[in-house]
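Q: Hi! Could you walk me through this one with me? I have a few quick things to ask.

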Amino acid sequence: MTDRVVHFLLHVPRCAGTTVEAHFQAALGPGLLHAPRWHNPLRAFLGELRALDPADPRLTAVRIVTGHSMGARLKRHFPGTEIRESVLLRDPLGFHVSLYNHRVASHRTGSGPAPPEFARWYAMQRRNPVSRFLLNHYYDQRIPALYRLSSAARLSFLEARLRDFWFVADYRHADEMIAGISREMGIAEHAGRKNVTAAPALTPESLDPTMRARIVAENSVDQALWERWKDRGWRAEAHDPQAPSPALPGNNALGYLASDLATFLRRSLRL
């Protein structure tokens, strides 16, 4: 059994990943590795083609791998090493409101265009973004393979793998995850907040109840994933035994393709 441990901290957007990365970057310096990102519009089809150099001597000092573009395939660069995977999740209502607020804040600072009002903006977003991000980026389910997975298959695929994770929880448990891993490494446990919108334009409560219900219904995979894993934390068992097993459709794989094409057209035409 190896004595070396490397943590893979999955950085799902809008799930406190910037706070996590900043803490460990400050404490570890070159001991934290940001997975290289390939800036190409075909990335979802071809995968993250930018790879690490296995002969890079810096890999021997790495204690944490993170970043939006990290994938499970990077494990091969750490042979004989115990890989401990962790991820923070977010409910779909909170995710979309947070992302919208981020877009508004970017516009206020001059670093991005103004988003339309929320209902129009939401219509331009892909459904189940958290589970899609994990499948497409971390587990390399590229297009078209991604569109062979129904809602039931997507949840089943992810849950089968999350059972082996070191830590899984809602993003509000970020401090708990940071403190636990920091204690193990012998570094400071407290992390300051990063990438937090100071004056949010919206809150989940400010949305119309019909819109809130729509977001939950249209992102049922992410909702189920969050409900079943939000409080799992360090526990050895899998998802929350009190969370019911959802009756997700098993024959709607092509529905994702139709939905994503419609979203693409709305974004392109600004409908």
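Q: Which backbone nitrogen does the side chain of Glu21 reach?
A: That of Gly67, at 3.3 Å; a polar contact here is an N or O pair within 3.5 Å, where one atom can donate a hydrogen and the other accept it, and residues adjacent in sequence count only through two side-chain atoms. Bear in mind that this is a predicted model, where local features need pLDDT of at least 70, side-chain atom pairs need 80 or more, and totals for chains, interfaces and linings use all residues. Numbering starts from 1 along each chain as its sequence is written, and side-chain values use heavy atoms, without hydrogens or water.

Q: And is Glu21 buried or exposed?
A: Buried, at a relative accessible area of 12% (buried is under 20%, exposed over 50%, partly exposed in between, with a 1.4 Å probe and protein chains only).

Q: What does Glu21 touch?
A: Leaving out residues up to four places away in sequence, Glu21 touches His11, Leu32, His34, Thr66 and Gly67, with contact meaning heavy atoms within 4.5 Å.

Q: Switching topic: at what angle do α5 and α9 pack?
A: About 85 degrees, with the axes 7 Å apart; axes are lines fitted to C-alpha atoms over the stretch in contact, and angles run from 0 to 180 degrees between N-to-C directions. Helices are DSSP runs of H or I with at least four residues, and strands are E runs of at least two, numbered from the N terminus.

Q: Which residues meet there?
A: Pro129, Val130, Ser131 and Leu134 of α5 meet Val221, Asp222 and Leu225 of α9.

Q: Last one: what do the buried residues of α6 pack against?
A: They pack against β4, α5, β5, α9 and α10.
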